[in-house]
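Reader: I'm new to this one and would like a guided look around. Could you show it to me and take my questions as they come?

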Amino acid sequence: MKVWSIVSQKGGSGKTTLALQLAIAAARNRKVLVIDLDPQQSAERWHAIRQRATGSKDDPSVAAGPYQKLADMLKTAGRLGAELVLIDTPPKLDKAIIPAVKAASTILVPLKSTILDLQALEDSLDLINLGKARQRAVVILNAVPAGRHKETAIKDSLRAASRLKLDVLPEQLSDLPALALGLKTGRGVTETERHGTAAKEVNALYEALWARDRADAEAE
Ligand SMILES: Nc1ncnc2c1ncn2[C@@H]1O[C@H](COP(=O)(O)OP(=O)(O)OP(=O)(O)O)[C@@H](O)[C@H]1O
Ligand SMILES: [Mg+2]
């Protein structure tokens, strides 16, 4: 069972959006669980909308709980045959983050390119280091702007990650309103606009992360 924890100390970096979009894309052909460790419970609350939209089909399942229950929740997920667990975490120093980091086979660090986001990357890395998990962490460039700002945004983000010796996934997510719009009605972009740019990017990201995680597992 793969466990992907989404960690960033910066509020609004795209953790929950990434968790839900990846979970929906993965749930097409795998058993997927989202664990919401954020006290805001955005993912858990969104699940009610999702269930209304899909007629209560649990694809993906979403469970919320205190971090003290994480180990039990993961054990249950394994027993029920989950192939992928995505853990959404809070944007502030919180006791939930270290257990989520330690439990992860891959840690996803969404990174937007504003100076405020880039400055906060080091805080996220500090937490990942506390969980001794730097090797399993990968930065995902998020909300990459289109047009003339694109090149600078990517360059700035790559520089910040490289300064901290963090891996960056070549696949990235552009700044696309579609990623938020569909979620409003409980749907992911891989469902609402299957052939659109956002769906292509989410699918590519998911495939790359899956392949990377498998490669890591084999290397151990
Ligand atoms: N690639 C993207 N393109 C456009 N908008 C995006 C993208 N990723 C995230 N957003 C938007 O950014 C905002 C914050 O996203 P989200 O709630 O997923 O972040 P978060 O890291 O979970 O926030 P928090 O730290 O509060 O939990 C939302 O309005 C979301 O729609
Ligand atoms: Mg969130």
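## A buried valine and its surroundings

Author: Leaving aside residues up to four places away in sequence, Val138 touches Thr106, Leu108, Val109, Asp167, Leu169 and Arg212. Keep in mind that this is a predicted model.

Reader: Is Val138 buried or exposed?

Author: Val138 lies in strand 6. Around it sit 20 other C-beta atoms within 10 Å. The cut-off for a buried residue is 20 or more, so Val138 counts as buried.

Reader: How far apart in space are Val138 and Leu166, C-alpha to C-alpha?

Author: Along the chain, 28 residues separate Val138 and Leu166. In space, going from C-alpha to C-alpha, the distance between the two is 6.6 Å.

Reader: Let's move to helix 3. Why do its buried residues line one face of the helix?

Author: The buried residues of helix 3, which covers residues 70-79, are Leu70, Met73 and Ala77. In an α-helix there are 3.6 residues a turn, so residues three or four places apart point the same way. Looking down the axis of helix 3, the buried residues line one face because they fall within an arc of 65°.

Reader: And which residues are exposed on the other side of helix 3?

Author: The buried residues of helix 3 pack against strand 2 (32-36), strand 3 (61-64), strand 4 (84-88) and helix 4 (97-103). On the other side of helix 3, the exposed ones are Ala71, Asp72, Lys75 and Arg79.

Reader: What about the backbone? Which two residues does a cis peptide bond join?

Author: Look in the loop between helix 2 (42-54) and strand 3, where Pro60 is found. Omega is about 5° at the cis peptide bond, and the residues joined are Asp59 and Pro60.

Reader: What is phi of Lys132, and is that residue buried or exposed?

Author: Lys132 lies in the loop between helix 5 (115-130) and strand 6 (137-141). Its phi is positive, in a residue other than glycine, and is near 50°. Lys132 has 11 other C-beta atoms within 10 Å. The limit for an exposed residue is 12 or fewer, so Lys132 is exposed.

Reader: How many C-beta neighbours does Lys165 have inside 10 Å?

Author: Lys165 is in the loop between helix 6 (150-163) and strand 7 (167-168). Phi of Lys165 is positive too, near 55°. Lys165 counts as exposed, and its C-beta neighbours inside 10 Å number 8.

Reader: How does helix 1 lie against helix 9: what is the angle?

Author: The axes of helix 1 and helix 9 (residues 197-219) are 9 Å apart, and the two pack at an angle of about 75°. Angles of 65 to 115 degrees count that way, so helix 1 is roughly perpendicular to helix 9.

Reader: Which residues make that contact?

Author: By class, the contact of helix 1 with helix 9 has six nonpolar, two polar and no charged residues. From helix 1 come Gln21, Leu22, Ala25 and Ala26, and from helix 9 come Val202, Asn203, Leu205 and Tyr206.

Reader: Last stop, ligand 1. Which element gives the largest share of its shell?

Author: There are 18 residues around ligand 1, and Lys15, Thr16, Thr17, Pro91 and Ala180 come nearest. Two elements give two or more residues to the shell: helix 1 (15-27) and helix 7 (178-181). The largest share, three residues, comes from helix 1.

Definitions and conventions
Residues numbered from 1 in each chain as written. Chains lettered and ligands numbered in written order. Predicted model: local features only at pLDDT ≥ 70, side-chain atom pairs only at ≥ 80, totals over all residues. Near = placed C-beta within 6 Å. Helix = DSSP H or I, 4+ residues; strand = E, 2+ residues; numbered from the N terminus. Arc of directions from axis to C-beta. Contact = placed C-beta atoms within 7 Å. Axes fitted to C-alpha atoms, helices over the stretch in contact; angles between N-to-C directions. Parallel < 35°, antiparallel > 145°, perpendicular 65-115°, else oblique. Nonpolar A, V, L, I, M, F, W, Y, C, P; charged D, E, K, R; others polar.
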